[in-house]
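Please look through the structure below before reading on. The briefing then covers annotated positions, symmetry and salt bridges.

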Amino acid sequence: MGQVAWKGLFLSFFDYKTEKYVIAKNKKVGILFRIVQLSILAYLVGWVFVVKKGYQDTDTSIQSSVITKLKGVAYTNTTELGPRLWDVVDYVIPPQGENVFFVVTNLIVTPNQRQEKCRESFGITDAVCSKNTDCPEGEPVIAGNGVKTGRCLKSGAVNTTGMCEIFAWCPLEKRQKPKIPVLGKAENFTVYIKNSIRFPKFNFSKANILNTEDDSFLKTCRYSKENHYCPIFHLGKIVSWSGNNFQELAMEGGVIGIQIEWDCNLDRDASECHPQYSFTRLDNKFTEKSVSSGYNFRYAKYYRDANGTDYRTLIKAYGIRFDIMVNGKAGKFNIIPTIINIGSGLALMGVGAFICDLVLLYFIKKSNFYRDKKFEEVK
Amino acid sequence: MGQVAWKGLFLSFFDYKTEKYVIAKNKKVGILFRIVQLSILAYLVGWVFVVKKGYQDTDTSIQSSVITKLKGVAYTNTTELGPRLWDVVDYVIPPQGENVFFVVTNLIVTPNQRQEKCRESFGITDAVCSKNTDCPEGEPVIAGNGVKTGRCLKSGAVNTTGMCEIFAWCPLEKRQKPKIPVLGKAENFTVYIKNSIRFPKFNFSKANILNTEDDSFLKTCRYSKENHYCPIFHLGKIVSWSGNNFQELAMEGGVIGIQIEWDCNLDRDASECHPQYSFTRLDNKFTEKSVSSGYNFRYAKYYRDANGTDYRTLIKAYGIRFDIMVNGKAGKFNIIPTIINIGSGLALMGVGAFICDLVLLYFIKKSNFYRDKKFEEVK
Amino acid sequence: MGQVAWKGLFLSFFDYKTEKYVIAKNKKVGILFRIVQLSILAYLVGWVFVVKKGYQDTDTSIQSSVITKLKGVAYTNTTELGPRLWDVVDYVIPPQGENVFFVVTNLIVTPNQRQEKCRESFGITDAVCSKNTDCPEGEPVIAGNGVKTGRCLKSGAVNTTGMCEIFAWCPLEKRQKPKIPVLGKAENFTVYIKNSIRFPKFNFSKANILNTEDDSFLKTCRYSKENHYCPIFHLGKIVSWSGNNFQELAMEGGVIGIQIEWDCNLDRDASECHPQYSFTRLDNKFTEKSVSSGYNFRYAKYYRDANGTDYRTLIKAYGIRFDIMVNGKAGKFNIIPTIINIGSGLALMGVGAFICDLVLLYFIKKSNFYRDKKFEEVK
């Protein structure tokens with residue numbers, strides 16, 4: 001090939017080649033095609049752009065910091081503990097004020113436990129015995145509280161069954177818990193929740209606290225649907241918003257989730273990016289009547305007496321665990337996702353043509369005629 | 001233009017325009033095209049719809065609540081501690097029963113530490129001294145246990161090197177840990193893991209516990225591959241499932257991850273949505289022989305004597321930290337992702353045509369002929 | 001239809017049908033089309049493949065385990081506490097060494113609190129009284145420290161106002177905190193952060209610690225931009241990297257986030273997958289002057305005296321909470337995403353044709369001519 005041929009090839013490279021179309025004067029298929037086109041356009045504009053904000057670049061890797069602080073005191077006067085005042089330090093575990101905190105609402109206290117020998121609790125099947133050899137020394141009681149000492153303790157006559165003696169923290173905990181929650185007054189406690197968030201991609205920060213000069217606002221306000229920038233929550237209300245009754249929950253314990261949702265459209269003003277709170281019970285209710293209901297755990301305070309012997313106060317605490325979960329995403333206009341979404345939407349148009357072609361070529365009366373016109377046989 | 005012309009334009013708007021095709025009677029390219037079409041169809045049906053369930057709307061923002069409770073007692077009799085019974089309150093840290101818990105398996109106890117003066121431990125290079133001026137008063141010992149008091153304590157002759165005297169919690173901790181894990185019996189402890197989940201988008205809740213009337217099932221069962229609805233796990237088995245030996249791990253400590261995976265197809269019955277457990281060791285094993293192996297931490301119990309002076313028992317606890325991680329996603333049929341996926345799949349068909357055109361127009365013998373037929377020159 | 005007809009139909013099934021194109025010898029539109037094609041190609045290669053690594057299958061479900069250990073001692077000598085040495089066990093809460101830890105930097109200690117009667121703090125408006133009936137017995141003081149006993153305590157003459165007597169943990173905490181942080185020396189403490197990660201999909205594990213034989217490296221090194229495989233961080237430097245001043249932060253407390261980012265390209269060598277650290281302050285600074293600034297919490301140490309009465313030391317701890325957050329993703333070549341991305345990219349080409357058609361048929365001089373050629377009327 002000579003120079004001219006090369007030049008021609010180069011020029012033809014810039015010839016625009018466009019598909020040849022056949023106009024099928026069939027109004028039915030034409031209207032169908034326009035409807036399909038319109039649907040795709042509606043989907044593109046309505047769903048992809050308006051609802052899903054497809055023109056935005058999004059950041060879902062929210063950085064969040066939660067600080068919580070409880071307030072409230074309660075006075076109890078039980079036969080076991082005597083008059084007792086409970087303040088935050090006594091009833092919140094752990095004390096650090098992180099995003100998970102537990103409020104004691106009911107408790108069984110077993111004071112002055114020492115490492116000694118005593119009788120295993122009734123009702124533990126592995127410790128039922130009729131003679132000393134039923135309690136081999138050193139064997140731990142299955143689902144029990146200590147190791148067997150080798151003695152079988154009987155309360156009455158020789159032939160009755162007894163319970164093994166065990167080496168354990170004695171006296172053992174009583175199995176009975178108070179009929180009404182000891183710290184039912186916790187319903188009126190309040191919790192201050194400070195949540196600061198940051199979207200690193202857009203370098204945008206915000207907190208759930210109104211940046212106000214008015215200090216007294218933060219001291220007196222209470223969160224409600226109308227007052228959603230007040231970060232102080234009434235515990236009883238949190239529980240009732242989650243669809244539960246505080247006094248019922250206080251008896252057995254439970255887990256309440258506090259979800260904070262940040263859905264920020266950074267194309268608008270920063271002041272329009274609000275936290276949305278929602279409250280749910282996280283431990284399923286349907287297990288309420290089974291053995292696995294509620295939430296409780298045991299902990300102890302360890303003391304040492306003048307002789308250097310350790311003893312402890314065992315506390316079985318029932319209560320409500322609050323889990324604060326922060327989610328969020330932020331979006332801001334960006335040209336790349338915009339183009340990609342427009343492109344994909346237009347590519348979908350091909351689907352409309354595909355469907356209408358099917359109809360035109362196979363499902364209408366004159367389809368044979370159109371097929372001949374659409375497909376040009378090469379002789 | 002008159003009214004007629006406008007009417008014509010309006011009617012022509014509903015004319016269906018369809019692409020004109022040229023039939024190339026080339027069987028090779030034809031078969032290639034059908035193969036490509038078939039592949040795309042297979043990908044669409046097999047991968048997008050069957051494997052990836054592209055016809056479903058998915059929710060990955062799982063809400064999860066984990067409650068754990070350990071059971072088991074162990075009796076130890078060491079020269080340092082004497083006879084001692086360990087129950088849950090003694091060996092689980094923290095006690096709250098959350099998704100991360102630590103079981104003590106080995107420990108070094110240093111009782112009766114008081115704020116006093118004593119000799120720094122041997123082996124700490126910063127505290128080696130030959131005269132008092134090597135120990136400037138008030139300077140903290142680097143990587144040591146206290147602040148120097150200004151005195152250099154020598155054990156023997158005048159010219160030997162000694163160690164600085166420090167103000168610290170004395171006596172200092174001994175560096176030797178027990179040769180066999182003190183609480184090796186922790187292998188037989190069990191942990192009850194209650195995991196309730198919720199998919200907020202579909203308002204679907206479930207727990208990893210069989211909703212059974214049979215209370216005794218939950219008291220006696222043990223989790224195994226065959227019995228995967230029992231929420232009670234044997235600690236030794238968890239460790240062995242993760243590919244480790246409990247007694248080895250108990251010596252130095254480690255971190256075990258318990259992953260609970262919920263993959264729920266809500267188009268099927270709720271009862272077919274099962275939790276899948278997997279167990280892995282999270283702290284890398286390859287560092288086993290380096291300084292950084294294992295997992296341990298120090299904590300103290302603080303006491304006050306009759307004179308009001310604080311003293312403490314320092315405990316260096318080696319043990320196994322269990323991290324329970326819950327993941328999940330749920331899917332349910334939704335028309336929008338279905339249409340989008342079908343659309344994208346069909347759009348991919350265009351790629352098949354693109355490839356076959358390339359072959360037809362450039363890579364076969366009669367390509368010149370087909371090029372002339374395909375491209376109609378406008379005169 | 002006879003056998004021959006069926007055979008013809010079957011054979012025609014393998015005829016390749018290709019779109020008929022019209023060559024529009026219009027250089028402007030041709031060049032426009034080539035530019036659009038080139039842009040899409042550039043986007044596909046540059047953005048989808050090079051930047052976004054669209055040829056890789058990715059795993060974002062990183063499994064991570066963090067172990068932290070602080071080192072450092074500080075000596076303080078305040079009028080209230082006397083000479084006192086602080087070691088790790090004293091100033092780190094909680095002691096477990098997890099991914100969130102708190103370092104005490106300032107504190108208000110209230111020793112020997114007992115459950116007694118005393119006067120409510122001045123400044124609590126709910127407890128201001130002028131006569132005994134202003135203090136109804138048993139009513140908790142709002143935002144106060146105890147329950148009213150029914151007496152109004154006045155310091156001076158009869159007509160002045162006084163404060164209610166309350167039943168509480170007495171003596172109450174003083175409201176004044178030290179002018180300079182008690183534990184300002186915490187700036188020189190160090191923290192050892194061990195982070196092991198695993199990408200389950202690719203079964204790839206790594207840690208942020210150089211797998212070195214050289215133990216002394218891990219004992220003496222300090223993390224810096226140049227030495228990013230040393231896992232020992234100077235607390236003061238962490239705070240200054242986050243753009244804050246340690247001594248200022250130590251006064252009021254705060255929350256610092258330590259982000260560890262693993263972005264691993266597993267098509268390259270494993271040794272090229274490095275952790276990236278970044279440090280930010282998580283509690284927003286803009287609230288610095290409001291009531292809600294800083295981070296502090298109260299906790300107590302409980303003691304029991306010879307008579308069996310409980311008393312406690314209340315500690316209001318100000319300090320810095322460090323949150324270690326681990327993120328990561330790994331990518332590895334996979335044929336399926338590669339094909340999908342190429343396909344989608346080619347499908348985008350149709351958009352180019354769509355735009356150029358618009359220009360050709362409606363926006364240039366000879367558009368009428370081209371329209372007639374492109375659309376073949378069916379007679």
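**Annotated positions, symmetry and salt bridges**

Under "binding site", an unreviewed UniProt entry lists A:Lys69, A:Leu70, A:Lys71, A:Thr190, A:Asn296, A:Phe297, A:Arg298 and A:Lys316. These positions span 248 residues of sequence and are also spread in space, up to 24.5 Å between C-alpha atoms. UniProt positions follow the numbering used here, feature names are shortened, and annotations may be inferred rather than shown by experiment.

This is a predicted model, in which local features need pLDDT of at least 70, side-chain atom pairs count only at pLDDT 80 or more, and totals for chains, interfaces and linings use all residues. Residues are numbered from 1 along each chain as its sequence is written, chains are lettered from A and ligands numbered from 1 in the order in which they are written, and side-chain values use heavy atoms, with hydrogens and water left out.

**Two of the listed positions**

- A:Lys71 lies in strand E4 (residues 63–71) of chain A. Helices (H or I, at least four residues) and strands (E, at least two) are DSSP runs, numbered from the N terminus.
- Apart from neighbours within four places in sequence, A:Lys71 has contacts (heavy atoms within 4.5 Å) with A:Val88, A:Tyr91, A:Phe189, A:Thr190 and C:Ala143.
- A:Lys316 belongs to strand E18 (residues 310–333) of chain A.
- A:Lys316 is counted as buried because its relative accessibility is 13%. Buried means under 20% relative accessible area, exposed over 50%, and partly exposed in between (1.4 Å probe, protein chains only).
- With neighbours within four places in sequence set aside, the contacts of A:Lys316 are A:Asn106, A:Leu107, A:Ile108, A:Glu173, A:Asn296, A:Phe297 and A:Arg298.

**How the copies are related**

- Two copies of a chain are related by a rotation about an axis and a shift along it.
- Chain B is superposed on chain A by a rotation of 120° with 0.0 Å of shift along the axis, at an RMSD of 0.1 Å. The two copies are therefore related as by a three-fold rotation axis.
- The superposition is by least squares on the C-alpha atoms of residues with pLDDT of at least 70 in both copies.
- B:Lys20 is the residue of chain B that comes closest to the rotation axis, with its C-alpha at 3.2 Å.
- Only 20% of the interface residues of chain B are also interface residues in chain A, so the copies meet through different surfaces.

**Salt bridges**

- Over all chains, the whole structure has 58 salt bridges. A salt bridge is a side-chain nitrogen of Lys or Arg within 4 Å of a carboxyl oxygen of Asp or Glu.
- One of them joins A:Asp90 to C:Arg312, with the closest N and O atoms 3.2 Å apart. This pair crosses between chains, from helix H3 (residues 88–91) of chain A to strand E18 (residues 310–333) of chain C.
- A:Asp90 is buried at 5% relative accessible area, and C:Arg312 is buried at 1%.
- A:Lys148 and A:Asp126 form a salt bridge at 3.5 Å, N to O. The two residues are 22 residues apart, with A:Lys148 in strand E10 (residues 147–153) and A:Asp126 in the loop between strand E8 (100–119) and strand E9 (128–129) of chain A.
- A:Lys148 is buried, at 3% relative accessible area, whereas A:Asp126 is partly exposed, at 23%.
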